[in-house]
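Hello,

Here is the structure we talked about handing over. Please open it first; my notes follow below.

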There are 6 protein chains.
Amino acid sequence: MLLHLMTWPEVEEYLQTNTGIIIPIGSTEQHGPTGLIGTDAICAEAIAKGVGEATQTVVGPTINVGMALHHTAFPGSMSLRPSTLIQVILDYLTSLTAAGFTRYFFINGHGGNIATLKAAFSESYYHLSHLNIPQATQVRAKVGNWFMCRAVYQKAKELYGDQEGSHATPSEVAVTQFVYPESIKNASLSPDVNSGYPIYGASDFRSHYPDGRMGSNPALATPEHGEQLYNLAVKELSESYLKFAQAD
Amino acid sequence: MLLHLMTWPEVEEYLQTNTGIIIPIGSTEQHGPTGLIGTDAICAEAIAKGVGEATQTVVGPTINVGMALHHTAFPGSMSLRPSTLIQVILDYLTSLTAAGFTRYFFINGHGGNIATLKAAFSESYYHLSHLNIPQATQVRAKVGNWFMCRAVYQKAKELYGDQEGSHATPSEVAVTQFVYPESIKNASLSPDVNSGYPIYGASDFRSHYPDGRMGSNPALATPEHGEQLYNLAVKELSESYLKFAQAD
Amino acid sequence: MLLHLMTWPEVEEYLQTNTGIIIPIGSTEQHGPTGLIGTDAICAEAIAKGVGEATQTVVGPTINVGMALHHTAFPGSMSLRPSTLIQVILDYLTSLTAAGFTRYFFINGHGGNIATLKAAFSESYYHLSHLNIPQATQVRAKVGNWFMCRAVYQKAKELYGDQEGSHATPSEVAVTQFVYPESIKNASLSPDVNSGYPIYGASDFRSHYPDGRMGSNPALATPEHGEQLYNLAVKELSESYLKFAQAD
Amino acid sequence: MLLHLMTWPEVEEYLQTNTGIIIPIGSTEQHGPTGLIGTDAICAEAIAKGVGEATQTVVGPTINVGMALHHTAFPGSMSLRPSTLIQVILDYLTSLTAAGFTRYFFINGHGGNIATLKAAFSESYYHLSHLNIPQATQVRAKVGNWFMCRAVYQKAKELYGDQEGSHATPSEVAVTQFVYPESIKNASLSPDVNSGYPIYGASDFRSHYPDGRMGSNPALATPEHGEQLYNLAVKELSESYLKFAQAD
Amino acid sequence: MLLHLMTWPEVEEYLQTNTGIIIPIGSTEQHGPTGLIGTDAICAEAIAKGVGEATQTVVGPTINVGMALHHTAFPGSMSLRPSTLIQVILDYLTSLTAAGFTRYFFINGHGGNIATLKAAFSESYYHLSHLNIPQATQVRAKVGNWFMCRAVYQKAKELYGDQEGSHATPSEVAVTQFVYPESIKNASLSPDVNSGYPIYGASDFRSHYPDGRMGSNPALATPEHGEQLYNLAVKELSESYLKFAQAD
Amino acid sequence: MLLHLMTWPEVEEYLQTNTGIIIPIGSTEQHGPTGLIGTDAICAEAIAKGVGEATQTVVGPTINVGMALHHTAFPGSMSLRPSTLIQVILDYLTSLTAAGFTRYFFINGHGGNIATLKAAFSESYYHLSHLNIPQATQVRAKVGNWFMCRAVYQKAKELYGDQEGSHATPSEVAVTQFVYPESIKNASLSPDVNSGYPIYGASDFRSHYPDGRMGSNPALATPEHGEQLYNLAVKELSESYLKFAQAD
Ligand code: NI
Ligand code: NI
Ligand code: NI
Ligand code: NI
Ligand code: NI
Ligand code: NI
């Protein structure tokens, strides 16, 4: 059930028995010489649709551009400032809560979004509590990071070991290859790739990670791996969502 | 060329010869008893991809949620405040201009976005002019509304006459039927439908347009019409984009 | 009835039978070699006073500085950012709505204000709906652009033909000559004047319109024309206001 | 020299030898049963024009609506929030400084504006210092409160003694009578009028000052007093301005 | 009673009989060659604790960084922008008012904070009046500047005469010596020290006050003076607080 | 070296050889029936001072009020909104970076601050990169959470096992007892204490954690434990700071 493919009377009916919604959030940022710029949004959206089907939950529109300021020294990267993203989330939750939604599960494809999302949830609970919306105090939001699912993590470890790295990883590239097999990119990847260096500003990031990868070897990715990882993520996040949505 | 399916070195190469980008912007809002909530984003995205192919231009990620505060009394509608959308556009243009883009063509599917987009462009030119970005003063942005294309307008008139209306129109519904033929909705539509009443706040809107339509009869839409309208829009906006991008 | 020349008990009494207010909004920006920097505010204020008298409506204080960022490469131009102007309008409407006003008719003298005003109205309806103000959902706002009145447009066409142009026009200059006959300026005006070039940032604007005019020949203006145009605008906007204020 | 009655080439020429500008700022707020709602703007504007003539200085557009939140429980009062007014001032100073102005003298008619103006000046110096504007570090701004001029204060004391009060004072009412002799209002004024109670929020204000006056007897005002006070204010503020503008 | 050393049930009990709170606010800014950077916060906090004890009032956490943009050309100075400080105060008052506090007495150690605090109080009254908090309209806030107490002023005059100056004064330095006798600094102080020059931006300030002092001779300070001044301030501000808190 | 007890020339000298600064950040929030409201600020400040001494680093003023919106249903709790805290951090880093600081180590006492601090660092790097400050691109910031130090965690586990809980923990209470032995509180604590419930809005939090504790038994705390924990935290964070400050 994609919100975009529903009508408002269908949403009205849905809300009679269910006040949960899944919102995919990704990023538009460099993913190394071979990773797609939309990697994080593509993964989040695909997995969110899977979770939506598995759990019979409405899936809202994908937030394609997230908090990726540290990637903006690479062309094609886009980012909201954290203060902008907070207002975006606050607007989303205000619109939807006024209509009756109360459980917000953000399926996230980008580590850089996590901190700002959590800040945004706090700001939103507070903001909503001051509006004249009856269900405001029942609102709950949660981030589900597909790449942090236990089963995904273990599979990635098994498939790629240390070459998984932490950005432009073979596991996320594999999921994009599963989703867009016609968009698999090739480029020579240096075996020397930095890792372990903390993330600060954009120019600092690029000087330490000159081709954009963080300790990863995305050449190991295959569409078949992507399918396996996709399935593991959908299964684990579906359970996680249901636990969240059904909690007292 | 979808930005999401490119790598950063591909963007870097593109920027050697082309500094234009097309950004689809829609809305997530009620479209009457049978129109999809994602209608405006679906149309804008599909047409933007067509224009991108026709003109060999990068197409950025779709802005799915726009300025639709007046629709928020119908469940499933989402909206940014204008002040939030201005910051979003400003962040997009800052990221992309720093990388070298200078021509921004927003293919828009929702009338409610136009005023805020224009305000956002003014704010962005000003903001960029105060940053240390060499190409800031060369930045130009333009809105291309597919539903206002002359050929689209004439075809809609020819197909639907007065029943085109101004929201949840058969022409936009037709384009979504062309894009998502498996999501065609049916519902009985009252022949009595209001029109001509101005748009103010959300509750005022719903009291005047109780089922969400503004003077339209979307039951007239067919996927075949959608394809015709899509083609007309792609053709006209491609010309419009090229004229914009190549101007001195 | 100018709000500035009323007392609060007079306003209290007025509100017993009338909740409408007219607010003039202009701009402080270059108007070519001979046009007054205050042209847009002068015209809007004069015409608003006329409409206020004709319709027995309170006229609020003039917003002298509007959204004119694109004119700021010419000395003497002033501008609010769109995001600032939105907050200004929101504050105006909050103050006045709390007191009982519900119909806001902005008589506007500057095209550059329109987009931001519309965005501001949307933001204000939303904002007001979340406050504890009983009449918030009845609030309606409208822009009346004097220079777009049908009768004004036709008269300008008749008087000036193509030399009306679109900025620093003889028609607006004529109205200022009618209002301030002692401030008629003379300067040699090149017969070559650009037109048709779209508006982007401030430096881009000045490079395309070096003396500030957009396709106009303000030397054609006379105070007598100004009086005619003033009368036509007052008449048409008075009708437009009454229709707006009296609508259900 | 009113900025609104100048052309941009005249401003350009002025800036060759003078970088000072006077900006009147008032308020739109209740002034008791007989005081005009525009009192503070009327006085500030009239006196600013006088100072502009006396010192050959450009006078910018009047800020009609200031910081008067505490008056908003009386109908007809309007106010910006302090955070909005700060952005307005910042926008004014950015536009004008980019053009070459560096000395800003705000002639103020309303005590409630002072704190926010000072805050806004600090914010503006800081903001300007981070832009690429050469003259940013030379910018200086000052508030000149006409009602606090020594000569004005002494004359008011002499004319009205304790009945001057601190809001809706006979001295400010007198100046408006001098400027608008056709708008002199009459109403019975209770001899009992509160004074000395501090200013907090709007409802608190109205409960302590039920007719809006703060310890004043505006019935003592005459247009002749107004002229005297006007002349004293113009003289003293002209000296004050020149000292400010000519300081190293 | 320091809020930081209380438990929430103790606060709950306190609020049964008392809704007042004292909040110290200082600054982190240069205080000349020998004055501590924390001078304003140290004095405000010490005196606030004294007033809290004397009046049995809760003392909240010290705002250490205030509005000191004009000092930021000296290393070690920190400042909030006025617009930030307004939001900070608004957040403080919202949290505390929701819990039941209604009387806010800010004991202030820095002249540069006064304007922004007053603006923030206005913004907060307005903001609170629009929330669903019953006691919002009873909220009152006041600034108590210890250095402006009559008795302090007289004692400083008596001790230091003209050498008191207006920044990095011997009186404030003396209070810090009384509080931190182990942190008394020595440096040669030029007998030539500027004074009387108005405060504008940071670089302008430093160019006129090269060592940071404004007309003062802090070498005159002693810890004994500090104790005397401390006692005078505590006594006078305690009376001032009680009068404020107990007013109708 | 406390910044508050230094003079500006001392800071200037310090910056010749060291550009690091430690900033303690806590919170002002309920800590159960016996925990001090200032617990998080007290711990952060004490440990930061210890780290400052151990590493010869300047320690800035404590941020006493952090992001604790979820605690605000308990009286005495105070909070900034995340969007406010982001602006506060941005202002701190702008002031200090302009003076020459480039390494910011926030010693944090409150889990609720972490997300917003990380968001604020991203926003600050971006903001600083657009100012005219030479060292802007060298700026780095890091959060050091004393309660997450490995040695602290192990010691708490050893001392308290499962009764450590996650809020109003015996370990943090112990540190406050060590710092303020005269402020040890006693109250009967129910052995039944909830745990494991996620954090959403303020009223939801209080309904699940009615006395404010999250799974903890603070009655186990002793000042001696506090000293041990303090020493472990200082040691580990000193190492962490030096590694951060000395990294390339
Ligand atoms: Ni990724
Ligand atoms: Ni549509
Ligand atoms: Ni004009
Ligand atoms: Ni007044
Ligand atoms: Ni001081
Ligand atoms: Ni804690």
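This is a predicted model: local features need pLDDT of at least 70, side-chain atom pairs count only at pLDDT 80 or more; totals for chains, interfaces and linings use all residues.

**Sheet in chain F**

Chain F holds an open sheet of four strands, ordered E2-E1-E3-E4, and the pairing is parallel. Strand E2 (58–59) and strand E4 (140–145) of chain F are at its edges. Each has a single partner strand, so one side of each is left without a neighbour in the sheet.

Strand E1 (residues 20–25) and strand E3 (residues 103–108) of chain F run parallel and are joined by six bridges. Helix H3 (residues 82–99) of chain F lies across E1 and E3 of chain F. Its direction is at about 140 degrees to E3(F).

**Sheet in chain A**

Chain A has an open sheet of four strands, in the order E2-E1-E3-E4, with parallel pairing. The edge strands are strand E2 (58–59) and strand E4 (140–145) of chain A. Each of them pairs on one side only.

Which strand is joined to E4(A) by six bridges? That is strand E3 (residues 103–108) of chain A, and the two run parallel. Within E4(A), A:Ala141 is the residue opposite A:Tyr104. Helix H4 (residues 114–129) of chain A lies across E1, E3 and E4 of chain A. Helix H4 of chain A runs at about 170 degrees to E4(A).

**Nickel sites**

Start with the nickel ion (ligand 1). Its protein donors are A:His31 (NE2), A:Asp40 (OD) and A:Glu172 (OE). They lie 1.9 to 2.1 Å from the ion. In sequence, the donor residues are spaced H-x8-D-x131-E.

A:His31 and A:Glu172 are both buried.

Next, the nickel ion (ligand 5). Here the protein donors are E:His31 (NE2), E:Asp40 (OD) and E:Glu172 (OE), again at 1.9 to 2.1 Å. The spacing of the donor residues reads H-x8-D-x131-E. Are E:His31 and E:Asp40 buried or exposed? E:His31 has 0% relative accessibility, so it counts as buried. E:Asp40 counts as buried because its relative accessibility is 2%. The cut-off for buried is under 20%.

**How the chains relate**

Two copies of a chain are related by a rotation about an axis and a shift along it. For chain A and chain B, the rotation is 180 degrees and the shift along the axis is 0.0 Å. The superposition of chain A on chain B has an RMSD of 0.0 Å. That is the relation of a two-fold axis. The same surface serves both copies, as 100% of the contact residues of chain A recur in chain B. Which residue of chain A comes closest to the rotation axis? A:Thr84 does, with its C-alpha at 3.5 Å.

Two other pairs do not touch. Between chain B and chain E there is no contact, and their nearest C-alpha atoms are 17 Å apart. Chain C and chain F do not touch either, and their nearest C-alpha atoms are 17 Å apart.

Best wishes

Key: Residues are numbered from 1 along each chain as its sequence is written. Chains are lettered from A and ligands numbered from 1 in the order in which they are written. Side-chain values use heavy atoms; hydrogens and water are left out. Contact means heavy atoms within 4.5 Å. Copies are superposed by least squares on the C-alpha atoms of residues with pLDDT of at least 70 in both. Donors are N, O and S atoms within 2.8 Å of the metal (3.2 Å for Na, K and Ca); water is not among the atoms, so sites may look incomplete. Buried means under 20% relative accessible area, exposed over 50%, partly exposed in between (1.4 Å probe, protein chains only). Two strands pair if DSSP finds at least two bridges between them. Axes are lines fitted to C-alpha atoms, for helices over the stretch in contact, and angles run from 0 to 180 degrees between N-to-C directions.
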